[in-house]
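Dear colleague,

Please find below the sequence and structure that I am handing over to you. My notes on the findings follow directly after them.

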Amino acid sequence: MSSSSAAKGKAPERVNGTDIPYELPWVEKYRPSVLDDVVGNSDTIERLKVIARDGNVPHLVISGMPGIGKTTSIHCLAHQLLGDAYKEGVMELNASDERGIDVVRNKIKAFAQKKVTLPPGRHKIVILDEADSMTAGAQQALRRTMEIFSNTTRFCLACNMSNKIIEPIQSRCAILRYAKLRDSEILKRLLEICELEKVEYNDDGLTALIFTSEGDMRQAINNLQSTWSGFGFVSGENVFKVCDQPHPVVVQSIIRACSKGEVDLAMEKLEELWDQGYSAVDIIVTIFRVVKTFDELPEYTKLEYIKEIGFTHMRILEGVGTLIQLGGLVARLCKMNMKPELFRF
Ligand SMILES: Nc1ncnc2c1ncn2[C@@H]1O[C@H](COP(=O)(O)OP(=O)(O)O)[C@@H](O)[C@H]1O
Ligand SMILES: [Mg+2]
């Protein structure tokens, strides 16, 4: 890395007209502060906006994959509801805080009983982030508290899997499910950040960021920042170096070789990936994702390929993650495209 590229990786030192003395991670710097800026899941966000306007927030559970804006939207909601009273009116407990039964019994209860002056028609809010890491016991202790104090205090829970929240709490809450973000939604946000940070990029680089992030905005933004500060240019090549995933172009060349029945070439490319140190799981997952969107394959072949990839994935997960296993897959994929006569003796 040249020193000039390191200098280029520096963010401008001013945001919204105020000086910031150090560089924040971009995920934090560009964390939306109002619901309008949260991208994706438009129907669900619309509902939150209505709640933010009318004020009568129900107990909420927001569930979904990491990095898609759950924590962000709860904070936006709380800010929009309470305004200046946010400090007194909100208690946040996340996975890094102690959240055992005692805390629920004492701390949360004490907060719920506390008197604070809020805008009319608003409630105190308890935010329980990553609530699926709370023990069932602690959740049990919560259920009655939620009911008793519901005239003054509302609970917002965020979790990755809503089935880790015990049934009685689920039935007391409105459950909002967030879906993974669409490629176009991630792209839009990345372009905005590139613009603000004056990042140099090419289309290939953005495609790679979207491919590697799999709908996770946090990952996409983090990878953008790592690539930019590490290499000073966001190209496909650099992104894959940072993310340490098999390059889809190499995987495409394997699949292309298979579809022509060129087993030697396919094996050579496969070994190339293997020698770079990728695990069998990394490789098979990338093969699947590449085949899924590979336009050069006719529909029928694609289906047959995905079936074979599925079987191999299963074997790998069972513990047989060897080069032979992957080689076997490549051989079967090749064979499907060779004339059957070749195999008659
Ligand atoms: N829907 C989104 N719109 C805009 N930025 C987002 C969105 N989702 C995630 N981000 C970015 O990713 C970071 C992490 O989001 P967060 O809400 O903490 O994710 P999680 O769903 O895991 O709680 C935010 O700081 C923000 O920069
Ligand atoms: Mg979160």
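H12 itself spans residues 236-243, and its buried residues are Gly236, Asn238, Val239, Phe240 and Cys243. Buried here means under 20% relative accessible area, exposed means over 50%, and partly exposed lies in between (1.4 Å probe, protein chains only). Helices (H or I, at least four residues) and strands (E, at least two) are DSSP runs, numbered from the N terminus.

Thr286 belongs to helix H15 (residues 280-292). With a relative accessible area of 5%, Thr286 is buried. Its contacts, leaving aside neighbours within four places in sequence, are with Phe211, Pro246 and Val251.

**Basis of the values**

Please note that this is a predicted model, in which local features need pLDDT of at least 70 and side-chain atom pairs count only at pLDDT 80 or more, whereas totals for chains, interfaces and linings use all residues. Residues are numbered from 1 along each chain as its sequence is written, chains are lettered from A and ligands numbered from 1 in the order in which they are written, and side-chain values use heavy atoms, with hydrogens and water left out.

**The protein as a whole**

The secondary structure consists of 17 helices and 7 strands. Along the principal axes, the C-alpha atoms fill a box of roughly 85 × 50 × 30 Å. Of the 345 residues, 47% are buried. Where contacts link residues at least 6 apart in sequence, 73% of them join residues at least 24 apart. The accessible surface, from the Shrake-Rupley method with a 1.4 Å probe, is about 18000 Å², and carbon and sulfur atoms account for 52% of it.

Two strands pair if DSSP finds at least two bridges between them. S3 runs parallel to strand S6 (residues 153-159), to which 4 bridges join it, and Leu60 stands opposite Cys156 in S6. S3 is also joined by 4 bridges to strand S7 (residues 174-177), again in parallel, with Ser63 opposite Arg177 in S7.

H4 (residues 70-82) has 13 residues and reaches 18 Å from its first C-alpha to its last, close to the 18 Å expected at 1.5 Å a residue; the expected span is 1.5 Å times one less than the number of residues. Because 10 of its 13 residues are buried, H4 is largely enclosed by the rest of the structure. Among those buried residues are Lys70, His75, Cys76 and Leu82. Gly83, which follows H4, has a positive phi near 55°.

**Helix H16**

Lys307 is located in helix H16 (residues 299-317). Lys307 counts as partly exposed, at 45% relative accessibility. From C-alpha to C-alpha, Lys307 and Phe288 are 9.8 Å apart in space, and they are 19 residues apart in sequence.

Yours sincerely

Note on methods:
Contact = heavy atoms within 4.5 Å.
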